[in-house]
Amino acid sequence: MRRLLTVAILTALVGTAAACGDTSDSGTSAASSTGATAAATSSPTPDVKANTKQVCGKAEAVITEANVKPIGEQIGIMIAAKGSKNKQAETAAAAKAKELADALAEQLRALKAEAVDPKLQAALDKGADGIKLFGSPEYLSKINSIADMDKLTSDIDAASKDLEAICA
């Protein structure tokens with residue numbers, strides 16, 4: 001799962017950076033409907049293993065290339081705008097990357113309510129925090145090139161390590 005985040009973001013960056021200064025908004029939203037709710041069980045002790053499998057499946061449905069790629073595209077637009085010293089486009093792309101990353105992180109964090117295992121709950125929180133890094137102003141300010149993004153992906157990888165271990 002964490003490698004998917006990294007690969008999807010970097011793939012989008014390479015494609016977007018190749019556009020060299022295309023500052024148009026991609027119009028893509030990371031929000032996907034995850035309206036399914038956990039079914040109520042009649043037994044007082046839930047099946048932790050089955051619940052973990054179900055929640056992990058939902059987490060994998062949230063962390064898809066289609067949902068992560070728009071964040072990378074915006075970061076790529078931001079890099080191109082920095083290179084051409086277009087502060088307005090840079091700011092707009094950074095704001096959109098933050099919006100998309102925050103929305104995706106909240107989708108992942110929402111699964112915490114469905115998880116029975118406290119370790120899975122904590123891993124979902126930590127994974128959501130890692131996704132939010134992609135849009136944080138502090139993180140984005142450190143990205144001036146694709147090489148910078150490549151160096152910083154270790155932060156996101158570390159944040160999703162626990163979730164990947166539980167869901168493997």
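Helices here are DSSP runs of H or I with at least four residues, and they are numbered from the N terminus. With that in mind, hello everyone, and let's start at Asn 51, which is found in helix H2, residues 48-62.

A word on the source: this is a predicted model, where local features need pLDDT of at least 70 and side-chain atom pairs count only at pLDDT 80 or more, while totals for chains, interfaces and linings use all residues. Residues are numbered from 1 along each chain as its sequence is written, and side-chain values use heavy atoms, with hydrogens and water left out.

Back to Asn 51. It counts as buried because its relative accessibility is 10%; buried means under 20% relative accessible area, exposed over 50%, and partly exposed in between, with a 1.4 Å probe and protein chains only. Setting aside residues up to four places away in sequence, Asn 51 touches Glu 114, Ala 115, Val 116 and Asp 117, where contact means heavy atoms within 4.5 Å.

Asp 117 leads us to helix H5. Asp 117 caps the N-terminal end of H5, with a side-chain oxygen 2.9 Å from the backbone nitrogen of Lys 119.

Now look at Leu 120, in helix H5, residues 118-133. Its relative accessibility is 0%, so Leu 120 counts as buried.

Next, the core. A nonpolar core is a set of buried Ala, Val, Leu, Ile, Met, Phe, Trp, Tyr and Cys residues joined through side-chain atoms within 4.5 Å. The largest one has 34 residues, and Leu 120 and Leu 124 are among those with the most contacts inside it. Helix H4, residues 87-110, is one of the elements giving two or more residues to this core, and H4 supplies the largest share, eight residues.

Finally, charges. The structure holds eleven salt bridges, each a side-chain nitrogen of Lys or Arg within 4 Å of a carboxyl oxygen of Asp or Glu. Asp 125, which is buried in H5, pairs with Arg 109 at 2.8 Å, N to O. That bridge links helix H5 to helix H4, across 16 residues of sequence. Asp 125 also meets Lys 112 in a salt bridge, again 2.8 Å from N to O. Lys 112 counts as partly exposed because its relative accessibility is 32%.

Definitions and conventions
A polar contact is a pair of N or O atoms within 3.5 Å; within protein, one must be able to donate a hydrogen and the other to accept it, and residues adjacent in sequence count only if both atoms are side-chain atoms.
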